Amino acid sequence: MSEVSIKFTVNGTEVELNAPVEMTLLDLLREKLDLTGTKRGCGIGECGACTVILNGKAVNSCLVLAPQVNGGQVLTVEGLAQDGLDKLQQAFIDNHAIQCGFCTPGMLMSAKALLMVNPNPTREEIREAISGNLCRCTGYISIVKAIEAAAGK
C-alpha cells in the first residue's frame, strides 16, 4: 500500500500527513485526524452522513480520495463551532431538528454550504440542498425550518 504526502487546511488549521493513496477523505478525517463528527453511513454516497465542505462545496467524504484534498480547504462539523455554536447548530436545537443525531452533521454541512453561497434561500432551494442527506428520525420539516431560521426567515 503506497502512501502520499497530503497538505491541506481543515477547520482553519494546516495539516500535512501521509496517507494511503486509496484512503477516503472520510477515513482520513476519522482515523488520522480524530474528527469523528463526520459520520460513516452507507459508504457509497447515498445517505449524506459523511458530508463535509471541500473548497466551498458540500461533498460526500466517502467518495473523495484523500489525495484529492491536497492543497484544498475542508470544513467539518467540528469547524462550525469555533467560538460557540454556529447559528445553524443553534437553529437545529431551537427547531427540534435533531433526533438521534446521526444525520445531523451531514445536514448541517449541506445547509452551511448552501448558506455560504445563498444566504437567503427559498424553501425549495433548502430542500434541494439537503436532498442528498437522509434522515430516518425527525423527517425534514423541522430541518427545513431550522435552516430557514438560520437564514433569518
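This is a predicted model: local features need pLDDT of at least 70, side-chain atom pairs count only at pLDDT 80 or more; totals for chains, interfaces and linings use all residues.

Visitor: Okay, and which residue stands opposite Val52 in strand 4?

Guide: That is Val59. Strand 3, covering residues 51-54, runs antiparallel to strand 4, and four bridges join the two.

Visitor: How many residues lie between strand 3 and strand 4 in the hairpin?

Guide: There are two residues between them, and Asn55, which sits in the turn, has a positive phi of about 50 degrees.

Visitor: What does strand 3 do with strand 5?

Guide: Strand 3 and strand 5 also pair in the antiparallel sense, over two bridges, and Ile53 stands opposite Leu75 of strand 5.

Visitor: Which way do the side chains of strand 3 point, and are they buried or exposed?

Guide: Thr51 and Ile53 point one way, Val52 and Leu54 point the other way, and all of them are buried. In a regular strand, side chains alternate between the two faces of the sheet.

Visitor: Zooming out, what is the strand order of the sheet?

Guide: It is an open sheet of five strands in the order 2-1-5-3-4, with mixed pairing. Strand 2 (13-20) and strand 4 (57-60) are the edge strands, each pairing on one side only, and the twist averages 40 degrees from one strand to the next.

Visitor: Which strands does helix 1 lie across?

Guide: Helix 1, residues 25-32, lies across strand 1 (3-10), strand 2, strand 3 and strand 5 (73-75), and it runs at about 105 degrees to strand 2. Helix 4 packs on the sheet as well, touching strand 3, strand 4 and strand 5, with its direction at about 30 degrees to that of strand 3.

Visitor: New topic: which residues touch the most other members in the largest nonpolar core?

Guide: Those are Leu88, Phe92, Met107, Ile143 and Ile147, in a core of 25 residues. Helix 2 (77-80), helix 3 (87-94), helix 4 (104-117) and helix 6 (141-150) each supply at least two residues of this core, and the largest share, seven residues, comes from helix 4.

Visitor: And what covers the buried residues of helix 6?

Guide: The cover includes helix 3, helix 4 and helix 5 (123-129). The buried residues of helix 6 themselves are Ile143, Val144, Ala146, Ile147, Glu148 and Ala150, and just after this helix Gly152 takes a positive phi of about 85 degrees.

Definitions and conventions
Residues are numbered from 1 along each chain as its sequence is written. Side-chain values use heavy atoms; hydrogens and water are left out. A nonpolar core is a set of buried Ala, Val, Leu, Ile, Met, Phe, Trp, Tyr and Cys residues joined through side-chain atoms within 4.5 Å. Buried means under 20% relative accessible area, exposed over 50%, partly exposed in between (1.4 Å probe, protein chains only). Contact means heavy atoms within 4.5 Å. Two strands pair if DSSP finds at least two bridges between them. Axes are lines fitted to C-alpha atoms, for helices over the stretch in contact, and angles run from 0 to 180 degrees between N-to-C directions.
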